[in-house]
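Keep the sequence and the 3D view open as you read.

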Amino acid sequence: MTTHPQLDRLTDALRRTIPVGQVVSTGPDYDAGRHIWNGAVSARPGVIVRCADPAEVATAIQAAREFRIPLAVRGGGHDWAGRALSDSGLTIDLSGLRRVTVDPVARVAEVEGGATAADLVAAIQPFGLTAATGTAGSVGMAGLTLGGGYGPLSGRFGLALDNLLSVEVVLADGSVVTTDAEREPELFWALRGGGGNFGVVTSMRVRLHAVPTLLSGMVLFPWEQAASVLAGLSDVLGESPDELTVQSGVLPGPDGKPVVFLSPTWSGDDATAGEHALARLDTLGTPLVSQIAPTTLPAMLAAIDAQFPFGRHVEIRTRSVPSLTSGVRDVLSLAGATLTSPHSAVSIHSLHGAATRVPVTDTAFGNRDPHLMIEIIAQWEPGDPRATKHRAWAGTVADALEPDALPGGYPNLLGPDETTQITHAYGPNTERLLTAKHRYDPYRTFNATPLPNPSRTR
């Protein structure tokens, strides 16, 4: 299938050094390798290398550099912008590296580079342990963690990146490095928030936590109560203890009409205190549905995967705001009133508690002030003729939030064309991050999430 002479030569070279069947440009394994979460992405890699260990990753990187072929890395394949695939280039597929090894005494898990959040929580659940993950099980843990990792336990345990202990990474020169707070500390600093822009993560060690009971579920309020519920929610979010993290937003209800949703998680040791804290949410209005119960993290992540499955077409925009001001609440009302698809949603993630007590310069993550990260998700079925309308809805909501938004945005969700937001996405860490990029990847081999243009930051 490859037609570019350099790509043909690269493919031949890889097939001479990597076992048969792992270097593919056609067939079922190729199709599986280019199957990612966002079905709207049409990129077709020239060749996919299904790496089985760090040495094979190094071989693929060195070959891509030698033959000057663009490179991408596929972990969980959940990046909505399709950066897991290199169109007509080389894609390193880590989906075979999904092993999770648990040390229940030390409360540490070693997670291979292709493992998803679902892989991690399934491995640790039998030991009565939990981890700081995102909200979806199908998301790759490496990509989520390197870019930040808002999740249902962020208030108590911080972002996913705050629980990263060490990383095994293959750099652009092919060297395999293990980095942590003592070994290559500047690389470790950059990886925590700077995304997969410095190398290919083949494994990482993450901190685990003992939480006897998680209380979580869903509360839905009718659209007629949106204004009052969102106003009351603003007070709840401002007063939430570390143990209570509330995801909220707007989505189509069972009858197709928009609803306000609250998805709280209590991770405290005192279940009774959790029940009291969660009961307050029902008082914000008259719920259509209120289902809160003891649960597990695997069950919580699986529910989100069912709501946002692989294969649908997706466009995402993001803004971060200090709080649910009246202006933000007005935009959320606009978003619900103008929904174009029964699969779209606006999801609000709260950064508070433990995640805010990490000094902003301790990691590359650019915003440690309490804030709300708003994820605007336009989602529709393949073949829907209204794709342009769905995309426009996401853009309109993001534009309407701009007057109330903080500079920048969440790098894991920013598209490659959001240049103004990208410029400010890393806050006071921008120059240090770009210096680390030049040090560890001077030829810009890796482009996992957007980094600012140095000329714009000056």
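This is a predicted model: local features need pLDDT of at least 70, side-chain atom pairs count only at pLDDT 80 or more; totals for chains, interfaces and linings use all residues.

Searching the whole structure for cavities of 30 Å³ or more turns up one. The largest cavity holds about 40 Å³ of space.

Which residues line the largest cavity? They are Leu120, Ala131, Ala132, Met141, Thr145, Ala160, Asn163, Val206 and Arg207. By type, the lining consists of six nonpolar residues, two polar ones and one charged one. Two elements, α5 (141–147) and β10 (200–207), each contribute at least two residues to this lining.

Is β10 largely enclosed or largely open? Six of its eight residues are buried, meaning under 20% relative accessible area, so β10 is largely enclosed by the rest of the structure.

Now look at the strands that pair with β10. Strand β6 (residues 108–112) pairs with β10 in the antiparallel sense, over five bridges. Within this pairing you can find Val111, whose bridge partner in β10 is Met204. Strand β8 (residues 164–170) also runs antiparallel to β10, and six bridges join the two. Here Glu168 stands opposite Ser203 of β10.

Next comes a space of another kind: the second largest pocket, with a volume of about 440 Å³. It is lined by 30 residues, and the closest to its centre are Gly217, Met218, Ser263, Met300 and Ile304. Several elements give two or more residues to this lining: β12 (214–222), β13 (244–252), β14 (258–266), β15 (289–295), α10 (297–307) and β17 (345–351).

Which element gives the most to the lining of the second largest pocket? That is α10, with six residues. The lining of this pocket is made up of 17 nonpolar and 13 polar residues, with no charged ones.

## A sheet of four strands

The model also has an open sheet of four strands, in the order β1-β2-β4-β3, and its pairing is mixed. At the edges stand β1 (23–24) and β3, each with a single partner strand, so one side of each has no neighbour in the sheet.

The pairing between β3 and strand β4 (residues 90–93) is parallel and has four bridges. To locate it, look for Leu71, which stands opposite Leu90 in β4. Helix α3 packs on this sheet, where it touches β2 (47–50), β3 and β4, and the direction of α3 makes about 170° with that of β4.

Most residues other than glycine have a negative phi.

Where do they lie? Arg68 is in the loop between α3 (54–66) and β3 (71–74), while Glu184 is in the loop between β9 (176–179) and α7 (185–194). Arg68 is exposed, with a relative accessible area of 76%. Glu184 is partly exposed, at 34% relative accessible area.

Technical notes:
Residues are numbered from 1 along each chain as its sequence is written. Side-chain values use heavy atoms; hydrogens and water are left out. On a 1 Å grid over the protein atoms alone, a cavity is a set of points where a 1.4 Å probe fits but cannot get out, and a pocket is an open set with protein on both sides within 12 Å along at least five of seven lines; lining residues have an atom within 4 Å of a point. Grid points are joined across faces, edges and corners, and a volume is the space filled by probe spheres set on the points. Ala, Val, Leu, Ile, Met, Phe, Trp, Tyr, Cys and Pro count as nonpolar, Asp, Glu, Lys and Arg as charged, and the others, Gly among them, as polar. Buried means under 20% relative accessible area, exposed over 50%, partly exposed in between (1.4 Å probe, protein chains only). Two strands pair if DSSP finds at least two bridges between them. Contact means heavy atoms within 4.5 Å. Axes are lines fitted to C-alpha atoms, for helices over the stretch in contact, and angles run from 0 to 180 degrees between N-to-C directions.
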